[in-house]
Amino acid sequence: MSAEIRLFPCLSDNFGYLIHDPATKATASIDAPEAAPVIKALEHEGWTLTDILITHHHGDHVGGVAELKQKYGCRVVAPHDKTTKIGNVDLRVAQGDVLKIGSLLARVLETPGHTLDHVSYVFDNEKTLFAADTLFSIGCGRVFEGTYPMMWDSLLKLRALPDDFDLYCGHEYTASNIKFALTVEPDNAALKARAEEVTRLRAANQPTIPAKLGDEKKANVFLRADEPSVAANLRMKGASADKVFGELRERKNKS
Ligand SMILES: [Zn+2]
């Protein structure tokens with residue numbers, strides 16, 4: 001039996017995620033923006049929370065952790081971070097660590113930039129990536145704590161995953177990301193196709209997640225900072241990828 005994933009809205013535009021192992025009944029919440037929607041989703045399925053996998057210390061990703069831990073006595077997994085901004089942690093993880101969620105395996109990738117502690121969780125057997133606020137569909141997180149080269153490096157780590165992996169990210173930002181991406185790549189056919197799909201999904205009040213990583217590689221301008229055509233569109237011919245990435249991020253910040 002393969003893993004089951006549930007996605008539901010939290011707070012104003014966060015996603016909550018549960019991944020469930022039918023073989024062992026183990027269930028992990030990826031982050032916990034707030035407790036109530038996570039509890040509701042668990043009760044709807046008849047699942048019990050065994051683990052919370054935290055990606056980074058921001059309040060809109062950890063706000064529900066204390067309440068969920070108290071209710072379920074679940075294991076709380078968080079990034080290795082010397083500042084220990086995250087409380088209630090049972091296990092700290094770093095690059096390359098592999099966690100067991102029942103019989104499911106989650107591999108840890110350190111993806112700093114948005115915050116210094118940010119990690120992403122990769123379920124290789126399920127072809128699933130939880131990238132939180134590092135990689136969004138057609139976008140990426142703001143670089144609050146790291147540097148542009150650091151964030152670009154993190155995006156390259158995620159881009160190296162196979163095309164048929166599903167991307168689950170931290171926020172429903174896809175429509176506004178597309179609006180910006182089209183200002184840089186108005187002629188990108190993959191981007192235009194994604195724009196049509198997202199317009200259709202949002203009109204039907206459907207989430208735009210998950211997205212296929214292969215489609216993101218073609219349509220997400222923030223994964224394409226090393227494409228000569230992107231540099232040319234920004235009048236930055238010959239500039240290094242991390243410089244082009246920084247320019248993209250600053251333009252998006254102002255958009
Ligand atoms: Zn964040």
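These legends describe close-up views of a predicted model. Residues are numbered from 1 along each chain as its sequence is written, and side-chain values use heavy atoms, with hydrogens and water left out. Because the model is predicted, local features need pLDDT of at least 70 and side-chain atom pairs count only at pLDDT 80 or more, while totals for chains, interfaces and linings use all residues.

**View A. Lys-69 and Asp-90 form a salt bridge.** A salt bridge here is a side-chain nitrogen of Lys or Arg within 4 Å of a carboxyl oxygen of Asp or Glu. The closest N and O atoms of this pair are 2.8 Å apart. Lys-69 lies in helix H3 (residues 65-72), and Asp-90 in the loop between strand E5 (75-79) and strand E6 (91-93), so the pair ties together parts that are 21 residues apart in sequence. Helices (H or I, at least four residues) and strands (E, at least two) are DSSP runs, numbered from the N terminus. Lys-69 is partly exposed at 22% relative accessible area. Asp-90 is partly exposed at 44%. Buried means under 20% relative accessible area, exposed over 50%, and partly exposed in between (1.4 Å probe, protein chains only). By the salt-bridge rule, the count comes to 13.

**View B. Arg-202 meets Glu-172 in a salt bridge.** Their closest N and O atoms are 3.8 Å apart. This pair links distant parts of the chain, 30 residues apart: Arg-202 is in helix H6 (residues 189-203), and Glu-172 is in the loop between strand E13 (166-169) and helix H5 (174-184). Arg-202 is partly exposed, at 35%. Glu-172 is buried, at 16%.

**View C. Glu-247 and Arg-251 pair within helix H9.** Their salt bridge spans 2.8 Å, N to O. The two are four residues apart in H9 (residues 241-254), which means that about one helical turn separates them. Glu-247 is partly exposed at 25%. Arg-251 is partly exposed at 36%.

**View D. Strand E2 (residues 14-20) is mostly covered.** Seven of its seven residues are buried. Asn-14, Gly-16, Leu-18 and His-20 point one way, and Phe-15, Tyr-17 and Ile-19 the other way.

**View E. Strand E2 pairs with E1 and with E3.** Two strands pair if DSSP finds at least two bridges between them. E1 (residues 4-10) and E2 run antiparallel, joined by seven bridges. Cys-10 has Asn-14 as its bridge partner in E2. Three residues lie between these strands in the hairpin, where Leu-11 takes a positive phi near 45°. E2 and E3 (residues 27-30) are antiparallel over four bridges. Ile-19 stands opposite Ala-28 in E3.
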